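We will go stop by stop, selecting as we go.

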Amino acid sequence: LPFIQEVAANAAALRKKYHFIGSAVELGGQDAKMIFFQKDEKTGALNVADMRMNGSCAGGTGAFVDEIASVLKVPVEKFNELASAGNCVYDISGRCGVYAKTDIQPLLNQGVAKEDLALSAFHAIAKQTIGGLAQGLEIKPPVAFEGGPLTFNPMLVKVFAERLNLSEEDIVIPEHPELMVAYGAALSLNTMFAENGKARTAQDYLQKLSQREAAAAAGKENTGVQSRPLFASQQEREAFEKRHRRSPRQFAEPEPGTDVYAYLGIDSGSTTTKFVLIDENEEILDSFYAPNEGEPLMVAKRALIRMRDRYKSAGARLHILAAGTTGYGEVLFAKAFQAEYHTVETVAHARAAEKYVKDATFILDIGGQDMKAIWLDNGIITNILVNEACSSGCGSFLENFASSLHIPTEKIADAAFSTKHPAVLGSRCTVFMNSSIITEQRNG
């Protein structure tokens, strides 16, 4: 079949139906598009002045709505109704679904209404689309709104109109906004593909499809792209696991009647809370690691109380000489627990690395939502790179995929190490990779 790029197909459909259109916004499941039209001064014909489409991020699309609906535990078909009842707009990230979850979870814990959060998500989508795609170009009315998310969420159209200061006359909703791109693809057969147009019946197409299906079933056609396994042999895997084997953490039990003087270091991460207790000789006495569950302060408080009670039940007296905090919640935790010191996490990393690996020149840290590359020279930080608008490849990213494949997070490495035919899924956006996973599962 002839192929027409979807933005071009959409432009063809709009030019055919609406000769007066100024701009168009079309949102799909994983992409967002904008088209800017202008009239030819000589002929009066409607021409496309510019086209914009999202690239490496699916923020602000239908998949984004799906993710937020999942966080709010509401069916996606009820999301528009929920947003329509909202009154207050909160600032939520529209770029990355994982970042948006981080913005939403604390607000949920504070008792913010789901209706307001659904409305805020629509504002995040509009903000992301307008800022990310228009990039300063004027969105001239009338503006057409198309695609599934804008068809089935009329409140989202209202939010766009509010942000663009559009009147009712400035808004164009096609009769079937979700079908405009398909309509444009059909129209193109009589224009740009007219010379290829051989009359064929539906039966011809079905026959071709049946032949392809038969070839695929016979194994003659492999549509999936495969990469080499992580290990060439079982021996190679065993050698790797032996090389990276970690000894289990075993901390000495407190002795009755003793006074234990210690320092407390807390790392409040984006998705987990950690702390370490060290004695005056900098030997580790105790540690804690657990998911935040949307309540990092309460998770830390309960863990600290458990640690205090463990020493008390053993008949020992625990004295915290000083506490330091770092991570996403560095200042929050410092104020909440009245810590004597707080520091940025890159400095904390360098300090720990210098203690345990004296000649370290590079640190790679992959956290729940960020990854940091830190260059060291004799213990001094010389350069730092941190991911910005996308959290792919981080802890939340792995958790999402473990969940979608129904694998416990702690078992995902075992599953990956056991593969014989790994698929190539890309590496940038969680939403895009999810689509690749579905395709590969269909390929068996």
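Which residue with a positive phi follows α11? Select Gly315: this residue comes after α11, and its phi is positive, near 85°.

A word on the source. This is a predicted model: local features need pLDDT of at least 70, side-chain atom pairs count only at pLDDT 80 or more, and totals for chains, interfaces and linings use all residues. Residues are numbered from 1 along each chain as its sequence is written, and side-chain values use heavy atoms, with hydrogens and water left out.

Now select helix α11, residues 296–313. Helices (H or I, at least four residues) and strands (E, at least two) are DSSP runs, numbered from the N terminus. α11 has 18 residues.

Show the side chains of Val299, Ala300, Ala303, Leu304, Met307 and Tyr311. They are buried (under 20% relative accessible area; exposed is over 50%, partly exposed in between, with a 1.4 Å probe and protein chains only). Look down the axis of α11: its buried residues fall within an arc of 125°, so they line one face of the helix. The arc is that of the directions from the helix axis to the C-beta atoms. On the other side, Arg306, Lys312 and Ser313 are exposed.

What covers the buried residues of α11? Select β6 (259–268) and α12 (330–336), which are among the elements that do.

Next, the sheet. Five strands form an open, mixed sheet in the order β3-β2-β1-β4-β5. Two strands pair if DSSP finds at least two bridges between them. The edge strands are β3 (46–53) and β5 (171–172), each pairing on one side only.

Finish on β1 (23–27) and β2 (32–39): they pair in the antiparallel sense over 5 bridges. Ser23 has Phe36 in β2 as its bridge partner.

Note on methods:
Expected span 1.5 Å × (residues − 1). Contact = heavy atoms within 4.5 Å.
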